[in-house]
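Keep the sequence and the 3D view open while reading.

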Amino acid sequence: MYEFSSLSMDVDKPCLCFDDDDDDDDDDGMNDRGELCRKIGFTTWLPVRTPRQHYLVRGNIRPKLSGQKLQTRYPQEPLKSLDTLVSRSTQNKTDRWIFHRISFQPQNPGGLPVRVHRVTPYDSHQKNRNLKKGPMLRKRFALSRLLSTLRRMAKPMAIEVYNPNGKYRIISTKPMPGTRWINLLTDHDCRLEICHQKKTILSVEDIISLIGNRCDGVIGQLTEDWGETLFAALRKAGGKAFSNMAVGYNNVDVDAATKYGIAVGNTPGVLTETTAELAASLSLAASRRIVEADGFMRAGLYDGWLPHLFVGNLLKGQTVGVIGAGRIGSAYARMMVEGFKMNLIYYDLYQATRLEKFVTAYGEFLKANGEQPVTWKRASSMEEVLSAADVISLHPVLDKTTFHLVNKESLSLMKKEAILVNCSRGPVIDEAALVEHLKQNPMFRVGLDVFEEEPYMKPGLAEMKNAIVVPHIASASKWTREGMATLAALNVLGGVKGYPIWGDPNRVDPFLNEDATPPSACPSIVNSKALGLPVSKL
Ligand code: DGY
């Protein structure tokens, strides 16, 4: 499983920003600016538009993910978070500024930049950066003051505190579903602080300020960038444990955590069926064109039954393909085989013996009842699954080997009317290639829960009628989300108290039983071996 965590962008060369009050002169304005930009030697531009302003930003804009750089040119949306800053600065009647190196959270359009390293008036840049005293300098100082204020404002403020006199200070960077996790912590002498900051994704700076000088453990989210900086800060504050409220932890630099002696928890064992159910829902919705048909009804376009209206695919007797037949992939395969009598083809490095046995037994049952038996096949390559299956669901872990696993070439192997579902991690699919494929093949359909550069979609995807898109909700059932919260809290509690590690992180039922005290163990710590933590005998 893979998820972009805190995705920060560096405009690592000077940016040029223009004020523009005139809405109507887009083209001329852009040309003038283009001309000016050429004169001062900037060559590549990303125009960002708002109703009142255009900003031309120079620089190679690259998303950074745990030190990796992807060669992706960003859509316009992320830069919108500059608007607030620039429109405030232009209130000072200064119309050109150069922003040197800006890091910010694109997931929070309209939010404040996390960091602007230096801002200088455009004229100073032009005049050999030889700005001395005078109005421009005053404006520059005024702007720096404004920036410091903005930076301060970007810090989280809304904190809800439970059990203020608790001995261990635990932070949760977000409110989480249910109350059991709260009670479990407060019953065990924890002072719990829940951040209610409205911002969807907290920046590293936000979390550092939450951690403060003393903090024993943090429950964090998969959207946050848990790397060296945060683990160093947590360690400095006396912290011992961190848990993602997720089974996937690609937002976490586990080596960095280990280096600082911090246990990293995740939440396996409660997402399997919920995630598989969403993959099955997307498969059904895509095969029967449910979202398209719903839109049609709501638009008042239905004026009577027609033989060709929203004709889709019958699943029964077709082949379901699963790439990655681990827990979730196998659960999905069972649902599709058992529920819709589909044949199975799967690709996995490991043999899914239990799944094979299940399909065999079910096939025999159908046969004994006079029905066509279902079959299974373990493919020798992913390509074999892609070309043979009618519905394909992706369930691999995201790593270097599975990045853009589905790309232009692999899409071309698939049937023209195939259905592709992705509830794993967005970058498993080359989304731009997928958009092209959807355009070329109107009967090819996709159901996507995850996106390559979340929360954004690649240009064109939102317009595709043959794509169903939902906002990373595969684990969003009440039972699962409450279970995830409980497991994350118990990971942190156990880490802080020095509990041993639960023997099988996939069998976590004893931690979820509301009527019993959970075992004194950490349900799932991914770096327990590296940290040499003892295994529970329970
Ligand atoms: C996870 O836990 O990794 C899921 O993606 C959350 O839905």
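Helices (H or I, at least four residues) and strands (E, at least two) are DSSP runs, numbered from the N terminus. The model is predicted: local features need pLDDT of at least 70, side-chain atom pairs count only at pLDDT 80 or more, and totals for chains, interfaces and linings use all residues. Residues are numbered from 1 along each chain as its sequence is written, and side-chain values use heavy atoms, without hydrogens and water.

## A loop residue

Tyrosine 302 sits in the loop that runs between helix H10 (290-298) and strand S15 (319-323). Its relative accessible area is 40%, so tyrosine 302 counts as partly exposed, a class between buried (under 20%) and exposed (over 50%), with a 1.4 Å probe and protein chains only.

## Helix H9

Helix H9 covers residues 272-287, 16 residues in total. From first C-alpha to last, H9 reaches 23 Å, close to the 22 Å expected at 1.5 Å a residue; the expected span is 1.5 Å times one less than the number of residues.

Of the 16 residues of H9, 12 are buried. Among them are Thr272, Leu278, Leu282 and Ser287. After H9 comes arginine 289, with a positive phi near 55°.

## The ligand

Residues around the ligand (a heavy atom within 4 Å) include Leu222, Gly248, Arg425 and Met484. Polar contacts are pairs of N or O atoms within 3.5 Å. A backbone N or O atom of valine 247 is 2.7 Å from a ligand oxygen. For histidine 472, a polar side-chain atom lies 2.9 Å from an oxygen atom of the ligand.

Technical notes: Polar contact = N/O pair within 3.5 Å; in protein donor to acceptor, adjacent residues only side chain to side chain.
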